[in-house]
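Thanks for sending this one over. Here are a few notes to read with the model open beside you.

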Amino acid sequence: MAFEIEHKYLVVNDTYKEMATGQVEIRQGYLNRNPDRTVRVRTLGTKGFLTVKSRNHGEKRLEFEYEIPYHDAEEILKLAEPGVVEKTRYIVPFEGLIWEVDEFHGSLEGVTVAEVELPDTGHIYKKPPFIGEDITGDPNYYNSNLKI
C-alpha cells in the first residue's frame, strides 16, 4: 500500500526561484473529484501520469501513481471535468528534503504553494525562507478543489 505524507504551505516570497535546481510545466485534470477518491491525469514535462488518491487523514493519505504514455495523458485530459490546472513546478532541495513549489497560471495566477513529502509522520524538518502559512489538510488548497 502506498502512503503519501505531505505538508503544504503558502509561499511568501520568490527566493525559491534562486534555490531551485529545476522546473517543469504541469497540466492536470480530474476524472473524479470525489474527496474520498480523486482520480487525476497529468502531463509533467513530456511524461504522462494517472493518479488515484484517497481522502486526507491529516498529513497522510493513500496515493497510487502510474506513468502512462504522454499522448494518452493528453487525450485523457480532454475527458477531464472542467477546470484543467496549469502550473510551473520548481524543485527546491533544502535540508535533506525536496520541496515542490507550484506557481499556478490562468485564473489562479498569483497563487503559489509549496509542499514537501515526508518519510514518516512526525518527521521534524526545517522550513525554507519562502514558507508561510501551513495549509496542510485545508481542502480549499487541494488541487482538485481549486476554482479555475
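Predicted model: local features only at pLDDT ≥ 70, side-chain atom pairs only at ≥ 80, totals over all residues.

1. Let's begin with the largest pocket, whose volume is about 600 Å³. Its lining is made up of 36 residues, and those closest to the centre are Glu 4, Glu 6, Lys 53, Arg 61 and Glu 115. Strands β1 (3-11), β2 (22-32), β3 (37-44), β4 (47-54), β5 (60-68), β6 (85-94), β7 (97-104) and β8 (112-117) each give two or more residues to the lining.

2. What is the make-up of that lining by class? The largest pocket is lined by 18 charged, ten polar and eight nonpolar residues.

3. Now for the nonpolar side. In soluble globular proteins, nonpolar side chains tend to be buried together. Here the largest nonpolar core holds 16 residues, and Tyr 16, Val 92, Trp 99, Val 101, Ala 114, Tyr 125 and Phe 130 have the most contacts inside it. At least two residues of this core come from each of β1, β6, β7 and β8.

4. Leaving aside residues up to four places away in sequence, Val 92 touches Tyr 16, Met 19, Ala 20, Leu 97, Ile 98, Trp 99, Val 101 and Phe 130.

5. There is also a second, separate core of six residues, among them Val 85, Phe 104, Leu 108 and Ile 135.

6. Finally, have a look at Glu 95, in the loop between β6 and β7. Its phi is near 50°, a positive value in a residue other than glycine. Is Glu 95 buried or exposed? Glu 95 counts as exposed because its relative accessible area is 57%, and the cut-off for exposed is over 50%.

Key:
Residues numbered from 1 in each chain as written. Heavy atoms only, no water. 1 Å grid on protein atoms, 1.4 Å probe; cavity = no way out; pocket = protein on both sides within 12 Å on 5 of 7 lines; lining within 4 Å. Points joined across faces, edges and corners; volume = space filled by probe spheres on them. Helix = DSSP H or I, 4+ residues; strand = E, 2+ residues; numbered from the N terminus. Nonpolar A, V, L, I, M, F, W, Y, C, P; charged D, E, K, R; others polar. Buried < 20%, exposed > 50% of the residue type's maximum accessible area, 1.4 Å probe, protein only. Core = buried A, V, L, I, M, F, W, Y, C linked by side-chain atoms within 4.5 Å. Contact = heavy atoms within 4.5 Å.
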